[in-house]
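Here is a short briefing on a protein and its ligand. Look over the sequence and the model first, then read on.

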Amino acid sequence: MEWILLLIILSFLLRPKDRGKPYNQYFSLLNQQLQKKAGGQPSQLVDLDTVDSNLESVQQRLNGKTKLRLVVKSIPCLSLINYLMERTGSRRLMVFHRPFLSFLHRYYHDVDFLLGKPLPIAAIMKFWHTCDDDQKHRLHQIQWLIDSPERLRQYLRFARQQNIKLNINVEVDIGLHRGGVSSAAELSVLLGLIADHPRYLNFSGLMGYEAHIAKLPSLPWRKQQQLLRARDEVAKRFTQLVSFIQQQFPNLWHDQLTLNGAGSQTYMLYQNISLFNDISVGSALLMPKDFERPWLRGHQAAYFIATPVLKKLNQFELPFLEKLSKTIGWWNPNWRQALFIYGGFWKAIPEAPGGLSLNRLYGRSSNQEILTSSSRTALTMDDFVFFRPQQSEAVMLEFEDLLIVRRGQIVEKWPVLSRSISEVNHG
Ligand SMILES: Cc1ncc(COP(=O)(O)O)c(C=O)c1O
């Protein structure tokens with residue numbers, strides 16, 4: 001008897017708080033516009049004012065000598081890339097997907113491309129065989145990333161067959177352990193091959209990505225110190241490789257080499273040290289959810305998915321467990337209603353209005369996903385719910401375009417790059 005009483009008291013005490021809230025003014029205004037402009041289907045939005053302010057944070061924290069390189073996979077929309085290049089003056093892109101490279105290299109005549117991952121030789125062949133004559137004369141604008149002697153030999157063989165010269169940027173492992181060269185001995189093999197074949201290969205620099213720094217587990221009050229310590233370790237490894245080149249391969253060394261590193265979560269760590277002369281940033285401009293870090297607090301979310309509510313049920317019911325669902329709904333005010341939305345199962349978290357949650361008990365769906373909510377969200381059929389994508393790179397490509405927001409108004413629609421862009425005529 002006593003324990004039943006205890007259970008009742010406990011369940012009252014542990015009852016979740018009602019997190020439901022109607023839209024704030026920003027999302028309320030967007031909801032009204034989407035009802036007219038989204039054609040009743042899922043859409044994605046980018047707020048350019050927030051992008052501008054994120055960009056300012058990046059520019060302020062880049063050391064004056066370091067060049068910004070935009071990461072295409074995280075902002076895969078030509079108009080957005082154009083916009084960011086115009087605002088920053090950057091003519092440097094990092095690409096990861098052969099069709100994007102083919103398309104962008106044909107489109108931009110004055111941009112330096114650095115591959116962000118080593119591409120299989122078959123992709124290089126495909127690239128070369130789909131180049132037009134103009135592109136073939138601009139091969140010097142691409143830096144191919146090489147991680148191993150075996151791959152370099154494949155590239156060399158191809159360059160020899162085609163009688164072309166390839167820029168080689170060497171991927172170095174400075175702690176991430178995602179492959180690449182980690183010792184002077186390994187680097188020496190690659191540089192030796194390059195130095196022996198100046199007709200076909202040109203050494204263009206090093207690329208050392210170090211995203212592991214941002215994931216370092218540590219106590220919150222020691223985070224800053226640990227970050228700097230990890231950064232110093234990265235810097236030590238990178239500098240050792242640089243010194244090795246300067247001493248052992250002086251003919252390959254010059255100050256125009258691309259020494260690339262960092263990314264959205266670490267770019268600010270190099271403000272006061274001169275290590276990389278070329279820093280890549282993409283995601284931090286849109287700030288998807290997974291990029292939230294205490295030291296990126298100046299960056300705001302600029303990218304959302306919005307989708308209409310198809311059905312609003314005033315009660316959440318699990319098939320076969322209808323009675324239990326009622327009790328759960330009574331106990332947890334955030335599970336009182338069920339909303340079925342158009343689409344779903346994106347890599348994204350409900351953002352607005354407040355108090356919406358994905359429901360793994362019911363199951364996920366890409367067609368009509370369920371969201372449970374409190375009745376205080378005040379949503380009705382045809383209202384839009386907003387999600388915050390966890391990343392931009394894969395999510396953005398699931399849609400055809402971006403709705404562009406300025407001062408709270410949807411002002412334009414920009415097409416997103418298609419995964420097979422080089423095979424289709426884009427705009
Ligand atoms: C080699 C390399 N550089 C930089 C980045 C940073 O991209 P972002 O700024 O979008 O995180 C990545 C991301 O995967 C990467 O692989």
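In this predicted model, an oxygen atom of the ligand is 2.6 Å from an N or O atom in the side chain of serine 283. Of the accessible area that the ligand has on its own, 390 Å², the protein covers 94%. The ligand takes up the space of the largest pocket.

**Ligand surroundings**
- There are 17 residues around the ligand.
- Those that come nearest are Lys73, Ser74, Ser264, Gly282 and Ser283.
- By class, this shell has 8 nonpolar, 7 polar and 2 charged residues.

- Serine 264 places a polar side-chain atom 2.5 Å from an oxygen atom of the ligand.
- Arginine 178 has a polar side-chain atom 3.1 Å from an oxygen atom of the ligand.

- The whole structure holds 1 cavity of 30 Å³ or more.
- The volume of the largest cavity is about 50 Å³.
- Its lining consists of Glu171, Val172, Asp173, Leu176, Arg178, Gly179, Met207 and Tyr209.
- That lining divides into 4 nonpolar, 1 polar and 3 charged residues.

**Domains**
- The domain assignment gives the protein chain a domain 1, made of 19-45 + 301-418.
- Domain 2 spans 111-281.
- The centres of domain 1 and domain 2, taken over C-alpha atoms, are 41 Å apart.

Notes: Residues numbered from 1 in each chain as written. Predicted model: local features only at pLDDT ≥ 70, side-chain atom pairs only at ≥ 80, totals over all residues. Heavy atoms only, no water. Near = heavy atom within 4 Å. Polar contact = N/O pair within 3.5 Å; in protein donor to acceptor, adjacent residues only side chain to side chain. Areas by Shrake-Rupley, 256 points an atom, 1.4 Å probe, with all protein chains shown as cover. 1 Å grid on protein atoms, 1.4 Å probe; cavity = no way out; pocket = protein on both sides within 12 Å on 5 of 7 lines; lining within 4 Å. Sits in = over half its atoms within 2 Å of the grid points. Nonpolar A, V, L, I, M, F, W, Y, C, P; charged D, E, K, R; others polar. Domains from an automatic or database assignment. Points joined across faces, edges and corners; volume = space filled by probe spheres on them.
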